[in-house]
Amino acid sequence: MIVGTAGHVDHGKTALIQRLTGIDTDRLKEEKTRGLTIEAGFAYPEVEPGMELGFVDVPGHEKFIHNMMAGSAGIDSVLLVVAADDGVMPQTIEHVQILSLLGLSRGRVALTKCDLVDAAHLARVETEIRQLLSVTPLAEAPIYRVSSHTGVGVGALRDALWTEAAQRHELPAWGAFRLAVDRVFTKTGAGLVVTGTAVSGTVHEGDMLRLEPSGIRARVRSLRRQHRESEQARQGDRVALNLVGSGVERDAIVRGGWVVAESLETPPLQRVDVDITLLDNVTALKHWTPVHVHLGVARLTGRVSLLEGQRLESGRRMLGQLVLDRPVHACLGDRFVIRDHGGRMTLGGGTVLDGDPPRRGQRTPKRLTWLTALAECAAGGNPYDIGRPLETGLSLWPEGLDLDKLARNLNSDRQDLAARVEALGGQVISAQGHIWAFSRQGLEAMKARTLETLQRNHVNEPSMLGTERERLRRQVMPGLPGAFFRPLLNAMIEVGDIERHGPFLALPGHQVALDEADERLWQQVQPLLADTPFEPPRVRDMAATQGLDEQAIRQALMACARLGRVYQVRKDHFYVAMAVEQLAGIVKALDAEHGAARAADFRDRIGTGRKLAIQILEFFDRLGFTRRVRDDHVVLRHDMFE
């Protein structure tokens, strides 16, 4: 159990921990000189076997509020320290607000320096504390009157803390490993060392991890947990990792970064969807207000984008988005605090909902419904209580739910998500190492749209053998990757709902035909093409001599090409099918006579110029009928005109 202190400067937090544990948590020379805690300090007293207890001593001065929030990451229980002679002070209030925003609900109050005041004064201060905590999760926290100087009451507080630690059962670690980095240094003979609190998962010696947001891979050479050598560490532990690997250097990661499991790889992100709450003692927050953001151990600047209005009133909640000045790593449920642009006043905070939001459609009803479901999931406090988000996601996006992306955001196993989807009656499709999920209603709707789209295309494009697969995907489900659309089409082909004709897909029984306008044009230009079959006129020439629309002829001949009536040998140069077969016969004969068809021989046989003869041979090469062995020589590859 990790206990974190909170409270106003000079209220005796460090002295109390030293009295409780015998350990001085002030380790910096400046802290000793000034008698002031600047950086969070840690104490791990010797306790009974099987029981683990640690203390995090955070600074109380307003100038070091960031260090206070960084030290609060990962604590299990709060020890709010209030000096009896001062009572509730400004940083007492702000620390309590921050603890509430961070979701910390278990704790105690130590009323220190009680030897300096009388009983009546103690009673008044206790009343102040109760009033302060009455609207917070710590409303029922017990108050202990103590004196670090005389030792009065310290034993009772110690007994309560030690008893809770002994009774606290180790909860199973969930999700992939994540560690919020609060210190980075190099050690002679070891290399890079990072320390922090393990937010989730487990880590072992030899594990491969990823530094975020740089994405550099690193191996765990050795580790310490609770200041002791260990082979593994888990969620809730204070951990020091000795990391090695290519690119793993002092500047590869900074305080506020993360060390995470490889499976949590994400692109650099500077937008995070959040559920934000504004404190009730601050003015309303306007859309796009610049703020300081404390997320995990990181301190960033950015702006608040409100998703449900232009103004968030004090004491109210709203879905929003943090637009940050540099990339971050975040998952569902991570807590954050925002302060004003000058970093002097806490404004509010909340919970991360999506660490990888889309760039568009952020305020659509569908997106807001999804974020609301994620907010309910995060509020439940159980990271695996994801039934509601899955159900909501499958109904909101019948075109498919990316389980890889969702698993990263939930810090959950994607196979577990897949099993839950199937338990909900959905279907999972795997392709190219990725997984998407669909509701059965969504799949049926998709099949219906596919059939309707093919029918519409047949009516509008009667000369087409069908619709090319990628075009059909764009028409039916533009947001679904082709790798997942393909299995759905294959399933429809297997049961006979659609047919495949080479690269084209069509409804069963679809008959290819020209429309009336194209058929009339074909009847006019076909004799012109047949008169000089080996050197037919170009489209522009036929349009000029016949007084026809050039584009209309071109479209009609392209339609005829799809029917096999003509071949487009070169741009705007169409040959009737019979002429192409005759030309192929000449190539075949030359190949039999000479072992190859030379451009000069071919030119002499067909009676055209050399340039045109070479272009026809190049056309056969593109068809796969021949194979070029030299610039002006081709050999028969196979007889595709038999």
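The following legends describe close-up views of a predicted model. Local features are given where pLDDT is at least 70 and side-chain atom pairs at pLDDT 80 or more, while totals for chains, interfaces and linings use all residues. Residues are numbered from 1 along each chain as its sequence is written, and side-chain values use heavy atoms, leaving out hydrogens and water.

**View 1. Helix α1 (residues 13-21) and its buried residues.** Helices (DSSP H or I, at least four residues) and strands (E, at least two) are numbered from the N terminus. K13, T14, L16, I17, L20 and T21 of α1 are buried, that is, under 20% relative accessible area with a 1.4 Å probe and protein chains only. These residues lie on the same side of α1 because they cover an arc of only 160 degrees around the axis, the arc being that of the directions from the helix axis to the C-beta atoms. The buried residues pack against β1 (2-6), β2 (41-43), β3 (54-57), β4 (77-83), β5 (107-112) and α6 (154-167), where contact means heavy atoms within 4.5 Å. After α1 comes G22, with a positive phi near 80 degrees.

**View 2. Packing of helix α14 (residues 516-531) with helix α16 (residues 550-563).** The axes, lines fitted to C-alpha atoms over the stretch in contact, are 9 Å apart and meet at an angle of about 85 degrees. Angles run from 0 to 180 degrees between N-to-C directions. The two helices are therefore roughly perpendicular, a term for angles of 65 to 115 degrees. Helix α14 contributes D518, L521, W522, V525 and L529, and α16 contributes A552, I553, A556, L557, A559 and C560. Ten of the contact residues are nonpolar (Ala, Val, Leu, Ile, Met, Phe, Trp, Tyr, Cys and Pro), one is charged (Asp, Glu, Lys and Arg) and none is polar (the others, Gly among them).

**View 3. The aromatic pair of W370 and W397.** The structure holds six aromatic pairs, defined by ring centres within 6.5 Å for Phe, Tyr and Trp (its six-membered ring). W370 and W397 are edge-to-face (planes over 60 degrees apart), at 5.4 Å centre to centre and 80 degrees between the planes. W370 lies in helix α7 (residues 365-379) and W397 in the loop between α8 (387-396) and β24 (401-402), 27 residues apart. Both are buried.

**View 4. The aromatic pair of Y567 and F619.** The ring centres are 6.1 Å apart and the planes are at 70 degrees, so this pair is edge-to-face. Strand β30 (residues 566-570) holds Y567, and helix α19 (residues 610-623) holds F619, 52 residues apart. Y567 is partly exposed at 27% relative accessibility (the range between 20% and 50%), whereas F619 is buried at 5%. Ring pairs link Y567, F619, F620 and F625 into a cluster.

Conventions
Angles under 35 degrees count as roughly parallel, over 145 as roughly antiparallel, 65 to 115 as roughly perpendicular and the rest as oblique. Rings of Phe, Tyr and Trp (its six-membered ring) pair if their centres lie within 6.5 Å; planes under 30 degrees apart count as stacked, over 60 as edge-to-face and the rest as tilted.
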